[in-house]
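Subject: Structure handover

Hello,

Here is the structure for your work. My notes on what was found in it follow below.

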Amino acid sequence: MLSKLSAVVAALGLAAVAAWIYVSLDRPVRSVEVVGALAPAEAAQVRRRLSELKPGRLLSTDLGELREHLMALSWPRLVQVRRIWPDTISIRIERQLVVAKWGGEGYLTAGGELVGGPDRAVSVPLLDCEVTAPSKALEVYRHLQDIAARDGLEIRSLAENALGEWQLELANGVYAQLGADALRSRMERFMEVHRHLAQEGERAVRYLDLRYANGAAVRFGEPELLASR
């Protein structure tokens with residue numbers, strides 16, 4: 001009986017020591033550091049999230065819940081949360097890598113996923129489509145950009161209207177109306193006409209309309225003229 005009582009007392013003593021150690025280590029959080037290359041608007045969103053679920057004490061804070069609360073912003077690719085003794089919680093955030101801006105609604109990742117978040121200071125093409133889904137629109141952009149890249153050109157924006165007709169703008173300021181179908185062949189024709197006119201170099205081309213079975217309509221800069229090739 002005495003041995004059993006001694007064991008109980010020892011167990012209670014260990015529990016008391018463990019509780020004392022936990023309380024001693026569970027200090028109030030004095031600092032929350034956020035590590036990551038965030039835009040000012042993104043950093044502001046993170047601060048608002050942290051104010052909603054403010055960490056109180058170092059050991060009592062649920063790091064998993066805090067991580068999920070930040071991941072709910074949708075634009076983070078990775079959120080890592082850890083404790084740094086004696087009174088700091090460190091949060092590392094990596095953004096989703098984006099390859100295009102989607103209208104006024106957000107950005108597209110390389111996989112065609114639409115992610116929200118504030119505007120970023122990144123140089124990516126603009127896709128603005130009224131019919132086609134984001135992932136499919138990104139696929140169309142890549143096909144057309146592959147053709148443009150042969151001549152060292154870059155597509156700045158690609159738009160689709162409610163009729164399913166596509167229009168693009170190159171980084172050099174030239175616009176092209178491609179129509180609703182046979183986009184690859186129309187893009188090939190656009191590049192051929194653009195290359196020919198660039199070699200002539202007499203007048204700056206501003207707009208090409210490829211919505212013809214053959215040829216293209218061309219609008220020049222100075223003077224403004226509509227001609228057919």
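Strands are DSSP runs of E with at least two residues, numbered from the N terminus. In this predicted model, the loop between strand S2 (76-84) and strand S3 (88-95) holds proline 86. The peptide bond that joins tryptophan 85 to proline 86 is cis, with omega about 15°.

Two residues need a look at their backbone. Most residues other than glycine have a negative phi, and most peptide bonds are trans. Serine 74, in the loop between H3 and S2, has a positive phi near 85°. Its relative accessibility is 34%, so serine 74 counts as partly exposed. Alanine 182 also has a positive phi, about 50°, and is located in the loop between strand S10 (175-179) and H5. Alanine 182 counts as partly exposed because its relative accessibility is 44%.

Arginine 186 belongs to helix H5 (residues 183-200). With 14% relative accessibility, under the 20% cut-off, arginine 186 counts as buried. A polar atom of its side chain lies 2.6 Å from the backbone oxygen of leucine 210. Leaving out residues up to four places away in sequence, arginine 186 touches Leu178, Asp181, Leu210, Arg211 and Tyr212.

On helix packing: helix H2 (residues 40-52) and helix H3 (residues 63-71) have axes 10 Å apart and an angle of about 140° between them. H2 and H3 are therefore oblique to each other, and their crossing is right-handed. H2 contributes Val46, Arg49, Leu50 and Glu52 to the contact, and H3 contributes Leu66, His69 and Leu70. Four of these residues are nonpolar, one is polar and two are charged.

Regards

How values were computed
Residues are numbered from 1 along each chain as its sequence is written. This is a predicted model: local features need pLDDT of at least 70, side-chain atom pairs count only at pLDDT 80 or more; totals for chains, interfaces and linings use all residues. Side-chain values use heavy atoms; hydrogens and water are left out. Helices (H or I, at least four residues) and strands (E, at least two) are DSSP runs, numbered from the N terminus. Buried means under 20% relative accessible area, exposed over 50%, partly exposed in between (1.4 Å probe, protein chains only). A polar contact is a pair of N or O atoms within 3.5 Å; within protein, one must be able to donate a hydrogen and the other to accept it, and residues adjacent in sequence count only if both atoms are side-chain atoms. Contact means heavy atoms within 4.5 Å. Axes are lines fitted to C-alpha atoms, for helices over the stretch in contact, and angles run from 0 to 180 degrees between N-to-C directions. Angles under 35 degrees count as roughly parallel, over 145 as roughly antiparallel, 65 to 115 as roughly perpendicular and the rest as oblique. A crossing is left-handed if the near helix is turned anticlockwise from the far one by less than a right angle, and right-handed if clockwise. Ala, Val, Leu, Ile, Met, Phe, Trp, Tyr, Cys and Pro count as nonpolar, Asp, Glu, Lys and Arg as charged, and the others, Gly among them, as polar.
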